[in-house]
Amino acid sequence: MMDRPTVLIVGNPNVGKSSLFNILAGARQHTANVPGTTVQLERGTWRTDEGELDLVDLPGTYSLVARTPDEETVANAVAEADPDTVACVVIDTTAPSRSLYLLAQVAEEGVPVVGVLTMNDLSEAHGHKVDPVSLSRWVGVPVVEVDVRQGTGAEELAKAVATVQGSRPVVKDLQPRGRLSRDRADRLSLDLDAARDRADRLFAWVAAIVDHLDAPPDRRRPSDAIDRVLLSPWTGIPVFLVVMWGLFELAARATAPIIAWVTGFLGGPVANGISWLLGAVGLGGGWFESLLIDGVLLGISTVASLVPVLALVYAALGVLESSGYMGRVAVVADRAMRVIGLEGRAVLPLMIGFGCNVPALTATRALPDARRRLLTGLLVPFTSCSARLAVYIVIAETFFPRHAGTVVFAANLLSVVLVIGVGMLLRATMFRDVTREPLAIILPAYQWPKIWKLTRSVISRVGEFIRGAGGIIVSALVVLWIVAAIPVKGGHAIGDVPVEDSLYGAGARAVVPLLEPLGLGDWRISSSLLTGLVTKEATVGALAQSYAVDSPGVANASDFGSEVRATVNETSGGHPGAAGFAFLVLVLAYAPCLATSAEQRRLFGWRWATGAFAMHLTVGWILATLVFHIGRLL
Amino acid sequence: MTAHTSFAEVIAEVGAGATVNGASRSLGLHPDLVAAMVEEGERLGLLSRYVSTGSSCSGCSGVMRGGCATCPLTHSRPSV
């Protein structure tokens, strides 16, 4: 069977590429991963009068000089295009310069090009509709207008594609030449002068065409009034805080019943079913049942309980991104973020981190530069997630019952200070190459998010999390079960051993000397901190379990608090307040939770995930020690 | 875009702290052309190199001086 010619749909983000793809491919489409990457491409078949064509919807990019895996895919697809491949470059008539620059780069790669005008209805509304015939004359390649809303223009586009197929691009005043984007290594070794001169030449070409288009240089939009509110530091920052608060509220309230149902279902009927099945085959009631239920099933339950939160946060992020609001947030936060060498776009992952660190790490992918993504990803776990909030409340109620609210607020404030402080430290040491570049973005037009695209994006991102971090979480909980099930004293059987007599208890005792300088040298506290490495919420539960106090009932909770206070009073030499605040600081900073570490490994690799863990232990320990010793003096 | 306005001049303007709209007005360019130039300047590493080397000048006068040797934008500037 002969290979069908390929048509690449190339264009800037949010210019209607996917809508164009849907019009041309109809239902004949599927999603496929680019080999060796997590980048997904939409592929389909375009049936035209001239025959069938393979259609590829490439990720959006502004340039073939790639910075992200998605953009690498575009650059490689263009650089490695077969001779009969045609690139349909989508030209957004509301921002033609960016589209034409990309078109010029594609044409210089030697790929036959057809320009596809979209958004012309929006341009018409602003009084400067672009005439495709005139633009075709100025550019030198066929230009076709396609109304992606009405679905018109596909036949003309098919004819234009057939016209240029197999030809060399004849873009006016530009010649096909060497490949800029063959691969990343080539790009990094490029002569900067040559790259700049090439860009200069292409921009001069773009500018000459844009002059013809007669677009008003600084046109006003109806959305300018909204921008005046969202871009002012006085109103934009409060609006952003309200939006983020709404997101957290939604994430907490909407997902709580789902999480309760999922964990209840797994911990109830599923666990009972496993017990019944094991009992039926004569394996019930022993360590194997405990391993399956308290190890494997607990791991699956932990991952499953994260899925609703992640799905909702990813969906909310998708709405913020696709509506155009994210660009506004980046602008308004830019000045503050530059203090730590980051740009405005980094504010979103850091804010999401106050809800949950895991989706916050995923959100770093919106940053265009790998070093900034990494720097932000190292700072995210210093943001005080909502899981830690529950621990703060218990610690504050235990040690500062009359000022609990203030203490919890101080912990969150300290989280912000830590992000800034560690950010400045990292920038001054390991990230000196991250310069304080100004954020210069042109704001995208406001748009309604597309539900189907959003849904696919959420499914894809959640799937990535389950595949990348889910296995690590389940495995780690199984390992934790094993160390808690192995008795080291007291003559207990495997899987039936009190915590203090287990290998886990022995590990907790081994850590105690490290906590003595913080006034927290007790195995029950160290065991709660070890459990907190898995999930922060479990810190309090582990502490209560170690004290063998049942959680329900005010009297019991009070007893628990009194016992902890009495212990810390003893370990701190009579300074329970200072040690209590050191405990709180430790919970804030000593380590990311298991899911966060797993996500860091997935995004940045083992080396950085391990380094981040070590950095947290160091920073948390030093800070908590300082807090304790300064607190003793007060 | 006027004939003398180059990619390097836009990078110098924005690297010195101008916004996209500000550079657009002062250089007489369309904002999305300026944005495209800034985007490409970032990708090529020109903007960061300009910020780390060239922006310490008291404004880029367009005339080559002794300290301009490390500036990534000097290539397209007239020298004296």
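Predicted model: local features only at pLDDT ≥ 70, side-chain atom pairs only at ≥ 80, totals over all residues.

Start with chain A. Its secondary structure comes to 25 helices and seven strands. Chain A has 634 residues, and 51% of them are buried. Now look at contacts in chain A with a separation of 6 or more. Residues 24 or more positions apart account for 71% of these.

Chain B has 80 residues, of which 55% are buried. It holds four helices and zero strands. Read from the N terminus, the order of elements in chain B is α-α-α-α. Take the contacts in chain B with a separation of 6 or more: 48% of them join residues 24 or more positions apart.

Next comes a helix pair in chain A. Helix 16 spans residues 386-399, and helix 23 spans residues 576-589. Their axes lie 10 Å apart, at an angle of about 180°. Angles over 145 degrees count as roughly antiparallel. Helix 16 and helix 23 of chain A are therefore roughly antiparallel to each other.

Which residues make this contact? Helix 16 of chain A brings A:Arg388, A:Val391, A:Tyr392, A:Ile395 and A:Phe399. Helix 23 of chain A brings A:Pro576, A:Gly580, A:Phe583, A:Leu584, A:Val587 and A:Leu588. By class, the contact has nine nonpolar residues, one polar and one charged.

A:Glu599 sits in helix 24, residues 594-604 of chain A. Is A:Glu599 buried or exposed? Its relative accessibility is 0%, so A:Glu599 counts as buried. Leaving aside residues up to four places away in sequence, A:Glu599 touches A:Val358, A:Leu361, A:Thr362, A:Phe465 and A:Ala469.

A:Ala624 belongs to helix 25, residues 606-633 of chain A. A:Ala624 also has 0% relative accessibility, and so counts as buried. Which residues does A:Ala624 touch, not counting those up to four places away in sequence? They are A:Leu518, A:Ala582, A:Val585 and A:Leu586. Take A:Val585 from that list. A:Ala624 and A:Val585 are 39 residues apart in sequence, yet their C-alpha atoms are 5.6 Å apart in space.

A:Ile340 lies in a loop of chain A, between helix 12 (325-337) and helix 13 (347-353). With a relative accessible area of 4%, A:Ile340 is buried. Again setting aside residues up to four places away in sequence, A:Ile340 touches A:Leu375, A:Leu379, A:Val419, A:Ile420, A:Gly423, A:Met424 and A:Arg427. Consider also A:Gly421, 81 residues from A:Ile340 along the chain. The C-alpha atoms of A:Ile340 and A:Gly421 are separated by 8.1 Å.

Now turn to the rings. A pair of aromatic rings is described by the distance of the centres and the angle of the planes. Over all chains, the structure holds six aromatic pairs. One of them joins A:Tyr101 and A:Phe203. This pair is stacked, at 4.1 Å centre to centre and 5° between the planes. A:Tyr101 lies in helix 3 (residues 96-108) of chain A, and A:Phe203 in helix 8 (residues 192-213) of chain A, so the pair ties together parts that are 102 residues apart in sequence. A:Tyr101 and A:Phe203 are both buried.

A second pair is formed by A:Trp261 and A:Phe265. Why is it stacked? The ring centres are 5.2 Å apart and the planes stand at 5°, so the pair counts as stacked; the cut-off for stacking is under 30 degrees. A:Trp261 and A:Phe265 both lie in helix 10 (residues 233-280) of chain A. They are four residues apart, about one turn of the helix. A:Trp261 has 58% relative accessibility and counts as exposed. A:Phe265 is partly exposed, at 37%.

Go back to A:Tyr101 and A:Phe203. Together with B:Phe7, they form one aromatic cluster.

Charged side chains meet rings as well. A:Arg98 lies over the face of A:Tyr62, at 4.1 Å from the ring centre. A:Arg328 lies over the face of A:Tyr446, at 3.9 Å from the ring centre.

How values were computed
Residues numbered from 1 in each chain as written. Chains lettered and ligands numbered in written order. Heavy atoms only, no water. Phe/Tyr/Trp six-rings, centres within 6.5 Å; stacked < 30°, edge-to-face > 60°. Helix = DSSP H or I, 4+ residues; strand = E, 2+ residues; numbered from the N terminus. Buried < 20%, exposed > 50% of the residue type's maximum accessible area, 1.4 Å probe, protein only. Lys NZ or Arg CZ within 6 Å of the ring centre and 35° of its normal. Axes fitted to C-alpha atoms, helices over the stretch in contact; angles between N-to-C directions. Parallel < 35°, antiparallel > 145°, perpendicular 65-115°, else oblique. Contact = heavy atoms within 4.5 Å. Nonpolar A, V, L, I, M, F, W, Y, C, P; charged D, E, K, R; others polar.
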